[in-house]
Amino acid sequence: EDIGKLPDQSIAESLARLPGIAAQRTNGRAQTLAIRGLGPDFTVTTLNGREQVSTNDNRSVEFDQYPSELISQVVVYKTPNAGMTDQGIAGTADLQTVRPLSYGKRALAVSVRGEQNSEDARIGGMKNTGDRYSVTYIDQFFDKKVGIALGYAHTESPYQTLKKESWGYPTCSACAAADQNLLVTGGEKDAVDSSVLNRDGYMGVLEFKPNDRLHMTFDAYHSDFNELQRIARLEYP
């Protein structure tokens with residue numbers, strides 16, 4: 001009901017709150033979903049009933065490409081449903097954009113937010129602040145026989161990490177005979193990682209219902225998704 005007011009960065013964050021659903025996080029944000037413990041590639045994802053593609057190397061959809069401001073409803077099916085064309089083994093998540101005629105009134109929703117990472121950017125040229133804004137417009141015309149919905153959502157989100165990784169199995173061949181408790185790893189990798197996510201989502205819906213016998217809906221969604229990641233690393237034996 002509250003168009004554009006979901007506080008989550010993407011619809012994945014909202015879905016992760018449902019019982020039986022777990023989110024796999026990438027660079028601090030929820031990206032893929034597992035239903036009842038099965039891997040994300042066992043879940044089929046649809047947008048308004050149409051199966052979605054993925055940029056992953058499997059069938060798991062990257063849910064962080066769908067801004068929460070542009071999705072009005074998500075239905076998760078944990079059991080098979082005879083009325084659905086596409087279904088997954090673990091379950092099916094159907095993302096739905098708003099239907100302007102069903103919404104029934106004019107609406108304009110605008111939101112602007114800022115964010116700041118508690119960790120400072122440790123690589124030159126990167127930053128630890130971001131912003132997020134969106135606008136959604138819904139209206140009906142010709143005695144509510146024609147409805148339109150237009151939406152745009154932008155996100156710029158920073159992420160900072162510190163990494164400390166040891167490598168090599170602990171061995172000490174020279175001192176093994178003298179003291180079995182002296183174990184040394186092969187080396188270590190220390191790294192700082194600064195990244196920023198930029199995402200633009202566009203949504204459009206045209207609905208036409210001149211009478212009770214004809215009901216047509218045309219909808220489109222486009223996501224432009226880019227992430228810049230810079231890593232400075234020192235590796236030593």
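Predicted model: local features only at pLDDT ≥ 70, side-chain atom pairs only at ≥ 80, totals over all residues.

Q: Start with the open sheet. In what order do the five strands run?

A: The order is β7-β8-β9-β10-β11, and the pairing is antiparallel.

Q: Which are the edge strands?

A: β7, residues 107–116, and β11, residues 214–236. Each of them pairs on one side only.

Q: And how are neighbouring strands turned against each other?

A: By 10° on average, with direction ignored.

Q: Zoom in on β8 and β9. How many bridges do they pair over?

A: They pair over 11 bridges, in the antiparallel sense. β8 covers residues 129–141 and β9 covers 146–167.

Q: What stands opposite Gln140?

A: Gly147, in β9.

Q: New topic. What volume does the second largest pocket have?

A: About 200 Å³.

Q: Which residues line it?

A: Among the residues lining the second largest pocket are Leu47, Arg50, Val61, Glu62, Tyr66 and Tyr221. The lining also includes Gln52, Ser54, Thr55 and Ser223.

Q: How does that lining split by class?

A: Five nonpolar, five polar and two charged residues.

Q: Last one, Gln31. Where is it found?

A: Gln31 sits in strand β2, which spans residues 29–35.

Q: Is Gln31 buried or exposed?

A: Buried, because its relative accessible area is 11%, and the cut-off for buried is under 20%.

Q: What does the Gln31 side chain join up with?

A: The side chain of Asp64, through a polar contact of 3.4 Å.

Notes:
Residues numbered from 1 in each chain as written. Heavy atoms only, no water. Pairing = 2+ DSSP bridges. Helix = DSSP H or I, 4+ residues; strand = E, 2+ residues; numbered from the N terminus. Axes fitted to C-alpha atoms, helices over the stretch in contact; angles between N-to-C directions. 1 Å grid on protein atoms, 1.4 Å probe; cavity = no way out; pocket = protein on both sides within 12 Å on 5 of 7 lines; lining within 4 Å. Points joined across faces, edges and corners; volume = space filled by probe spheres on them. Nonpolar A, V, L, I, M, F, W, Y, C, P; charged D, E, K, R; others polar. Buried < 20%, exposed > 50% of the residue type's maximum accessible area, 1.4 Å probe, protein only. Polar contact = N/O pair within 3.5 Å; in protein donor to acceptor, adjacent residues only side chain to side chain.
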